[in-house]
Amino acid sequence: YVIYATFIVTTLVQERGFSEAVAGRFWMWVGLVSIFSGPLFGTLSDRLGRKPALMMVFLLHTLAYLIIALRLPDAFAYLSIFLWGIGVWSIPSIMAAAVGDYLGADRAAAAFGTVTLFFGVGQITGPGLAGLLADYSGSFGWSFAMAAGMTMLGVIMSSGLRRPEPAAQQR
């Protein structure tokens, strides 16, 4: 998600010809829509399960990235912003709940620390790789395509999640 957060405004201005004011308003809409992200997907996660909630968020982000990577007409940029914003803050809350489900309360904190470490590695390496791809190709299109590939991998990997053992939830 950090590739999008880092480079979407630059992409809209430099590659799509949006004014800085319009691109800034896009970012304002992201902020507004993202307010609902955690509560919406936290509720869906509690009702439908961690697996479908994670799959939905990763799929929303895959679509958001592809819309920008494929250089669809400018009107689709609004859809991309909405799809990304509505899911952006949901993964940490779903993962915190999932760690508790799978490992129980006594081991959840340490496990969530490990999850956060890997999340941080992705936050550091993702934009760097995206910048290198953009330098090499002359566009951020391949960077967003890479992000779409990674979130699609997230959809696939999430589809393999099993229901947690009831005993793990009581530990």
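This is a predicted model: local features need pLDDT of at least 70, side-chain atom pairs count only at pLDDT 80 or more; totals for chains, interfaces and linings use all residues.
Me: Which residues of α7 are called buried, and why?
Reply: They're A108, A111, G120, G126, P127, A130, G131 and A134. Residues are numbered from 1 along each chain as its sequence is written, and side-chain values use heavy atoms, with hydrogens and water left out.

Me: What covers those buried residues of α7?
Reply: The cover includes α1, α6 and α8. Contact here is heavy atoms within 4.5 Å.

Me: What makes α7 a helix, and how does its span compare with the expected one?
Reply: A helix is a DSSP run of H or I with at least four residues, numbered from the N terminus, and α7 has 33 residues. The expected span is 1.5 Å times one less than the number of residues. Just after α7, G138 takes a positive phi of about 85 degrees.

Me: Why is the 36-residue set called a nonpolar core?
Reply: Because the term means buried Ala, Val, Leu, Ile, Met, Phe, Trp, Tyr and Cys residues joined through side-chain atoms within 4.5 Å. In the largest such core, Y4, I8, L12, Y65, W84 and F144 have the most contacts inside it. Helix α4 (50-69) gives the most to this core, with 10 residues.

Me: Which residues does F144 touch?
Reply: Leaving out residues up to four places away in sequence, F144 touches I3, Y4, F7, I8, T11, Y65, I68 and A69.

Me: What makes the space of about 1200 Å³ a pocket and not a cavity?
Reply: On a 1 Å grid over the protein atoms alone, a cavity is a set of points where a 1.4 Å probe fits but cannot get out; a pocket is an open set with protein on both sides within 12 Å along at least five of seven lines. This space is the largest pocket, so it counts as an open set. Lining residues have an atom within 4 Å of a point. There are 39 of them, with F58, I91, F118, F119 and M150 closest to the centre.

Me: Which helix gives the most to that lining of the largest pocket?
Reply: That's α7, with 13 residues. By class, the lining of the largest pocket has 29 nonpolar, 10 polar and no charged residues.

Key
Buried means under 20% relative accessible area, exposed over 50%, partly exposed in between (1.4 Å probe, protein chains only). Helices (H or I, at least four residues) and strands (E, at least two) are DSSP runs, numbered from the N terminus. Grid points are joined across faces, edges and corners, and a volume is the space filled by probe spheres set on the points. Ala, Val, Leu, Ile, Met, Phe, Trp, Tyr, Cys and Pro count as nonpolar, Asp, Glu, Lys and Arg as charged, and the others, Gly among them, as polar.
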